[in-house]
Amino acid sequence: MSRIGRKPIPIPKGVSVTLSGRTVKVKGPKGELSFELLPNIDVELTDEHIKVTRREDDKKTRAFHGLTRAMLNNLVTGVTAGFEKDLEIVGVGYRAQMQGQKLVLNLGYSNPVEYVPPKGITVTTDGPTKIKVSGIDKQTVGQVAAIIRSFRAPEPYKGKGIRYVGEVVKRKTGKASAK
């Protein structure tokens, strides 16, 4: 049986979980999220925890078992604490700033790159080279951070570009060392 799937999800105080049909709705201090249950997966709700069970034992259902438990745990974590990703900009003259709701990036292109984050996602800049993406939906936070990183992904020769904080960029040697 799935080790992750069989772990119960504790429900913190201030969070309400409701099951209507095949939809699980989680409401907490930061907002409300919902998840559509996958086939052959059932959810048992009590006051203290959520337990995920499966009806069949085939390979696909076993995979969905752990996935469903992880997704529901992300919903509970999102409405209580939220998620955030930190990005850093490396390169001479590269910088970021917020203009209202719009993120403006100067990345060495002829024109600045402008990005408006989707609803529910907050993008802030902590100085000209630090970007913080935060929200309650883990998947959307990760997707927005990946989109911002893709505007100028770190290149392997000088390491310039936008990278996640703590990301290690594998560096290549240039032509001078090939001799």
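Let's start at Gly82, which sits just after helix α1 and takes a positive phi of about 80°. Keep in mind that what you're looking at is a predicted model.

Quite a few of its residues are buried, counting anything under 20% relative accessible area. Among them are Thr61, His65, Thr68, Arg69, Leu72, Leu75, Val76 and Val79. An α-helix has 3.6 residues a turn, so residues three or four places apart point the same way. Color the buried residues of α1, including Gly66 and Gly78, and then see what covers them: the cover includes β1 (9-10), β3 (23-28), β4 (31-36), β5 (41-45), β6 (49-54) and β7 (83-90).

Now for the domain picture. An unreviewed UniProt entry lists residues 11-82 and 90-164 under "domain: Large ribosomal subunit protein uL6 alpha-beta". Over residues 11-82, the chain is 31% helix and 39% strand, with the end C-alpha atoms 15 Å apart. Residues 90-164 come out at 17% helix and 39% strand, and here the end C-alpha atoms lie 11 Å apart.

Last stop: a hairpin made by β11 and β12, with 4 residues between the two strands. Strand β11 (residues 121-125) and strand β12 (residues 130-135) run antiparallel, joined by 5 bridges. In the turn you'll find another glycine with a positive phi, Gly127, at about 90°.

Terms used. Residues are numbered from 1 along each chain as its sequence is written. This is a predicted model: local features need pLDDT of at least 70, side-chain atom pairs count only at pLDDT 80 or more; totals for chains, interfaces and linings use all residues. Side-chain values use heavy atoms; hydrogens and water are left out. Buried means under 20% relative accessible area, exposed over 50%, partly exposed in between (1.4 Å probe, protein chains only). Contact means heavy atoms within 4.5 Å. UniProt positions are given in the numbering used here, feature names are shortened, and annotations may be inferred rather than shown by experiment. Two strands pair if DSSP finds at least two bridges between them.
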